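Subject: Structure handover

Hello,

Here is the structure I said I would pass on. Please open it first, then read my notes below.

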Amino acid sequence: MTRFKSWPRPTFWQCIFFVIVAAGLYATYVRVMYGLGGATHLSDQFPWGIWIGFDILCGVGLAAGGFTLAATVHVFNIERYKPILRPAILTAFLGYLLVILALMYDLGRPYRVWHPLVMWNPHSVMFEVGWCVTLYTTVLALEFAPIVLERFHLVRALQVMRISLIPLVILGVILSTLHQSSLGSLYLIVPEKLYPLWYTSLLPVLFFVSALCAGLAMTIFESWHSSRAFGKQLELSLISSMGRLLAVLLSVYLTMRFLDLLHRGALPLLLRRRPETYLFLLEIALFTVPMFLLFRRKVYSSASALYGCAVMVLFAFIANRLNITVTGVEAGSGVSYFPKWTEIAVTLFIVALGFAIFRFAVEYLPIFEEVSLTRPGGRAIVSTSPAASTVPAD
Amino acid sequence: MCIGCRLCEKGCAEHHKLPYNDAIASEEKLSAHKLTAITTHGDKFMRRLCMNCLEPTCVSVCPVGALQKSANGPVTYDASRCMGCRYCMFACPFQVPTYQWNSRLPVVKKCDMCADRVAAGLQTACAEICPTGATKFGERDDLIAEARQRVASNPSQYNQHIYGIQEVGGTSVLLLASAPVEQLGVRAGLPITPMPLLTWRALSEIPNIVTVCSVLLGGVWWLSHRREEVQAAERKEREEKS
């Protein structure tokens, strides 16, 4: 017993984490041994559940901060955002890896996940999605690589990476644009299933713009959390300008949603007393409230108010994706669906893994530092990025 | 003409080597072990099977090309390609493809219009076994002509709409009924344009997005960094002068 006493007492969040991991591992066992039927409430009429709707669609959207900030810093050359670029790229890379993990649960035969790369069907949106995930994850790995190389002082490799950085960033932005919009295109094929408040030929464009909002909100969200967890100073002026940009993007997005409903003549649907109407109004409210708040000086100059707005936007985004993937297609499919506990356990497991790996990476890799590396001898050898001022550009 | 004897279900199960018994016969829906199903609606019967569309949604959405439309009608499925994304099931406007949910290595199951029999010049198992001629096999054009003639000569017995001539661009299976099909568990009001066009309109924009985005982003990068270079050069000049 004395041995146990010497162990550190686990914190509340560590307890929650271990419970989630235990449940997730057991759910994984159920999924492997009893198939999709044993682990989910999916059916022939409702073949896509929250593993697609939340783990994959929301996961990809919340990773959008990576390409938004990479473009801002490296393409638009707005240097002052550089301190938050690395956490955003880490989030994106991690997000994509977890999306691929979720896909392994959802595919009937996960070991054939590489098939779209060799068995082509360019008419399939899923084919485009498969290629985008593969290529963009590779790009993210390369964008992330300098952080690891720096950690282990691999100078030569870092120099190679610097040359290829700009083409890589541009490729990443294009792939992300295609990927975010193609997730919306997936649903273009089901006009008879998806409720008309959400079904529109604009789905790909709306998915892209809402992903930009989610990416910005996610960046504010993680800046706030990181500054608290690691005692780093929060760059208020940075997240404040991101907050204002978010307000503009949200108003563009909401205007598009409104005009789309208007032109399709779908506004009268709002008068119907149906669950879809209420869920739609909830989603729109979650988008609208932070938009109005973020236009106010009091809000965008306060860190905690910005954080609150970012959280609301994240919830709005998740509500939108779940409405399109789950609640908006239930009536059209003629069945009702509520996820089985194993589906929820796997989802929580993946989210918890994300938080844990993020924390681990921030602790062991130079994510928040923007330092020029020195060998033990003390000679400066390389700057961490092409524009850092310690080493003149070649 | 259907009397609900379910011999088509039995013939189908035999041909596709699936189990068939009274319990399965009483399940009135398509499933991985029941590729066609008779559904009862009061005193009327309707038959569910794959419509084998002329421009099939499932063929267009399958990322690995496991589903193919053959020239003589059937939409076939190659299980060795399938990775189990189930987009075909989600996208099918008739909710036809089904999955082996309780298998560890599942495959999609659907009626393939007895592709092997049709290729050998035979009719489908269900058409061959049907005792009343309610299911009839033949060339699509001949069947449409016959359907039109039957509907026209017997307006009291038939609903005027021949389901499958126009739905989602036309299907290889046509449905004639004595009542509107939506009363018999079949989805009505589908668009007459083929569904694959809906996604193709978005997919065909990809080359444009890639070109425009790369030129635009490359240009922005050049501009934003050029400004810096010019500023640096000017500063240098000023320093040299002073």
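**Two helices in chain A**

Start with helix H3 (residues 50–62) and helix H14 (residues 303–333), both of chain A: they pack at an angle of about 140 degrees, and their axes are 9 Å apart. Bear in mind that this is a predicted model. Angles over 145 degrees would count as roughly antiparallel, so H3(A) and H14(A) are oblique to each other. Their crossing is right-handed.

Which residues of H3(A) meet H14(A)? From H3(A) come Ile50(A), Ile52(A), Gly53(A), Phe54(A), Leu57(A), Cys58(A) and Gly61(A). From H14(A) come Phe317(A), Ile318(A), Arg321(A), Leu322(A), Thr325(A) and Val326(A). By class, the contact of H3(A) with H14(A) has 9 nonpolar, 3 polar and 1 charged.

**A residue in a loop**

Next, look at Leu194(A). It sits in the loop between helix H9 (165–185) and helix H10 (203–229) of chain A. Is Leu194(A) buried or exposed? Leu194(A) has 22 other C-beta atoms within 10 Å. The cut-off for buried is 20 or more, so Leu194(A) is buried.

Leaving out residues up to four places away in sequence, Leu194(A) touches Tyr187(A), Tyr199(A), Ile324(A), Gly328(A), Val329(A) and Gly332(A). Asn323(A) is 129 residues from Leu194(A) in sequence, yet their C-alpha atoms are 9.3 Å apart in space.

**Where the chains meet**

Now the contact between the chains. Chain B gives 51 residues and chain A gives 42 residues. On the chain B side, the elements that give two or more residues are helix H3 (57–61), helix H4 (87–91), strand S5 (98–99), helix H8 (196–203) and helix H9 (206–241). H9(B) supplies the largest share of that side, 12 residues. The side of chain B that touches chain A divides into 32 nonpolar, 14 polar and 5 charged residues.

H9(B) also packs against H9(A). The angle is about 140 degrees and the axes are 10 Å apart. H9(A) crosses H9(B) in a right-handed sense. On the H9(A) side are Ile166(A), Ile170(A), Val173(A), Ile174(A), Thr177(A) and Leu178(A). They meet residues of H9(B), among them Ile206(B), Val210(B), Leu217(B) and Trp221(B). The contact of H9(A) with H9(B) has 11 nonpolar, 3 polar and no charged residues.

**Domains of chain B**

Last, the domain assignment. It gives chain B domain 1 (7–199) and domain 2 (205–241). Taken over C-alpha atoms, the centres of domain 1 and domain 2 of chain B are 58 Å apart.

Best wishes

Methods. Residues numbered from 1 in each chain as written. Chains lettered and ligands numbered in written order. Predicted model: local features only at pLDDT ≥ 70, side-chain atom pairs only at ≥ 80, totals over all residues. Helix = DSSP H or I, 4+ residues; strand = E, 2+ residues; numbered from the N terminus. Buried ≥ 20, exposed ≤ 12 C-beta atoms within 10 Å, placed from the backbone. Contact = placed C-beta atoms within 7 Å. Nonpolar A, V, L, I, M, F, W, Y, C, P; charged D, E, K, R; others polar. Axes fitted to C-alpha atoms, helices over the stretch in contact; angles between N-to-C directions. Parallel < 35°, antiparallel > 145°, perpendicular 65-115°, else oblique. Left-handed = near helix turned anticlockwise from the far one by under 90°. Domains from an automatic or database assignment.
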